[in-house]
Every structure is written in C-alpha cells, then in structure tokens.
Amino acid sequence: MLRKSIFAAAMVSVLSMAQQANAHFQLIYTPEINIKKAGEVPLKLVFWHPMSNGHTMAMGEPVEFYSVFKGKKTDLKPTLNPITFKGLSNEATAYDASVTLKRNGDYALVAVPAPYYEESEDIYIQQITKVIINKGDVPTNWSEPLGLKTEIVPLSKPYGALVGSTFSGVVLKNGQPAPGVEIEIEHMIAEPDMNANKPQNAKVSEVPGGAIVALTDAQGKFSFGIPKAGYWGFAALGVGPDSEFNAKELSQDAVLWIKAHTLED
Ligand SMILES: [Cu+2]
C-alpha cells in the first residue's frame, strides 16, 4: 500500500513536470456555440496557450478537418484559409474555416492537425480536436463517439454546461476507455477576435500550483467542476495509438472544447 502510494506520487510529479512545458491547446473556435439560424458559421483553428494568453504555434496544413451531423461526414478542408494569428508575444500561421448549418441538431467538428515539432521537448505533438456546436436547441448525437484514434466523449452536454456544475467525459483510445490518463484543463481567458486575428484582450490566467490536471479512473472517466463561464478545453495527453513521427516521439492527444454558461435568475 505504502509502496503503491509512493510510486503513484512519484508518477504524478514526473507527469506534472512533463506537462508544465506543455499546455498547448489546438483550438477550433467560433464565438457562438448554440446557434439559432441556418447558414455559414465562421471558424478559426489556432494552436495556442489559451489560458496564459501565451505564445502561438505555427500550424501546418491540417491532415483532416470535417463535420459530422447525424453520422454524415462533410469535408471542411476546402474552407481552410491560412491566416496569421497575433498572440501577445508572437505570431504564427493559423487557419480560418467555416461550416454550413442546415438542419437542427449537433454538429461535431473534428480537426486532425499536422504533427507539430516542439523544439524544447524534441517531440512532435498532434492534438486530435473536437468541438460540438448545436443548432436550434435540438440535441442529437453529442454523446456518441466518432471513431477517432483517440477522443474525449462527453458524458454531459458539452454546449450547455453551467457554471457551478460538473462536466464529465470518457477518454477513448481506439474506441476503448483509457484509464489513468492525464487530462490538462484550460480556460480560454481571451477569446480570439474573428476579424483582427488576435486575442480580444490581454487577460492572463495563472492557477496557483500550475496547470489544472485531472486523471481518468479505471473506466476512463473524469469530472471537472466548472468555475467560470466561457470555453474550457480538455486535453488527454499522449493517449493516442501513434507514438512516433519522423523518427521522433509523438504525443498524440485528444482535445475537447466545451462552453459553459451562467444560469441567470
Ligand atoms: Cu507551445
């Protein structure tokens, strides 16, 4: 028992040190997640450190970018347009894109970015990223896995989270629950300005004790109590099945974005 807890503590500290250097989050961003009208919704793909309003990383052309509506996949790659996103400290290539919403229901957006070479760690990072937007307040498929190499499947509605409530999800690797996985959690403190391609403000959020981290349980599940309205990102680190790219280590992560709202009186 004692040996086990010492081992666990040692593991946690090793993981924490490793992920200090991380805190990367692939964004699929749109200002409004609950959409009323049919039409084209603007999107932005940015590889960023959203909670510290930190440096932005250059994206290569995404390998895949698509929407899934009631099981039907639509390629969104033709809508991709490279832009320069100007963070507070630097600027880098990001992408504009769009999705056209027609019928009511859930539209899952999935980005499989090109692996990014992180020089400070000498590894590649590939964050397979998902956000579910809704049209017409009609929930349909948000709780269904999409068959990604790795993904976070929500166990509570990801576009209708309330401040003070708990968000739960399950991490899958090749469709199977992944226990003991480290989830890094970040708040998008400054949302991107869709026209100016920069953060809307210079706010920075620092958490005492460093990054917010949760671990998945034996069933691959995790929970997080949401303290603040806005977008929250969950990154399951290194859980994907691919572990090598260009003869270097690859961290293949699963990212999910949710949006929390304040319940008005
Ligand atoms: Cu970085």
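This is a predicted model: local features need pLDDT of at least 70, side-chain atom pairs count only at pLDDT 80 or more; totals for chains, interfaces and linings use all residues.

Biologist: Which atoms coordinate the copper ion?

Modeller: The ligands are NE2 of H24, H49 and H55 together with SD of M57, at 2.2 to 2.6 Å. Along the chain these donors follow the spacing H-x24-H-x5-H-x1-M.

Biologist: Why is the arrangement around the copper ion irregular?

Modeller: Ideal angles for four tetrahedral donors are 109.5 degrees. Four donors count as tetrahedral only if all angles lie between 85 and 135 degrees. Here the 4 donor atoms subtend angles of 73 to 154°, so the arrangement is irregular.

Biologist: Is H49 buried or exposed?

Modeller: Buried means under 20% relative accessible area. H49 has 8% relative accessibility and therefore counts as buried, whereas H55, at 33%, counts as partly exposed.

Biologist: In what order do the strands of the open sheet lie?

Modeller: Strands of a sheet pair through backbone hydrogen bonds, either parallel or antiparallel. In this case 4 strands with antiparallel pairing follow the order β1-β3-β7-β6. Neighbouring strands are turned by 30° against each other on average, direction ignored. Between β1 and β3 (residues 39-48) there are 5 bridges; Q26 has F47 in β3 as its bridge partner.

Biologist: Where does S251 lie?

Modeller: S251 belongs to strand β22 (residues 248-261) and counts as buried because its relative accessibility is 12%. Its side chain makes a polar contact of 2.7 Å with that of D253. Beyond its neighbours within four places in sequence, S251 contacts residues including Y124, Q126 and L237.

Notes: Residues are numbered from 1 along each chain as its sequence is written. Side-chain values use heavy atoms; hydrogens and water are left out. Donors are N, O and S atoms within 2.8 Å of the metal (3.2 Å for Na, K and Ca); water is not among the atoms, so sites may look incomplete. Four donors count as tetrahedral if all angles lie between 85 and 135 degrees; four count as square planar and six as octahedral if opposite donors are over 155 degrees apart and all others between 65 and 115; anything else is irregular. Buried means under 20% relative accessible area, exposed over 50%, partly exposed in between (1.4 Å probe, protein chains only). Helices (H or I, at least four residues) and strands (E, at least two) are DSSP runs, numbered from the N terminus. A polar contact is a pair of N or O atoms within 3.5 Å; within protein, one must be able to donate a hydrogen and the other to accept it, and residues adjacent in sequence count only if both atoms are side-chain atoms. Contact means heavy atoms within 4.5 Å. Two strands pair if DSSP finds at least two bridges between them. Axes are lines fitted to C-alpha atoms, for helices over the stretch in contact, and angles run from 0 to 180 degrees between N-to-C directions.
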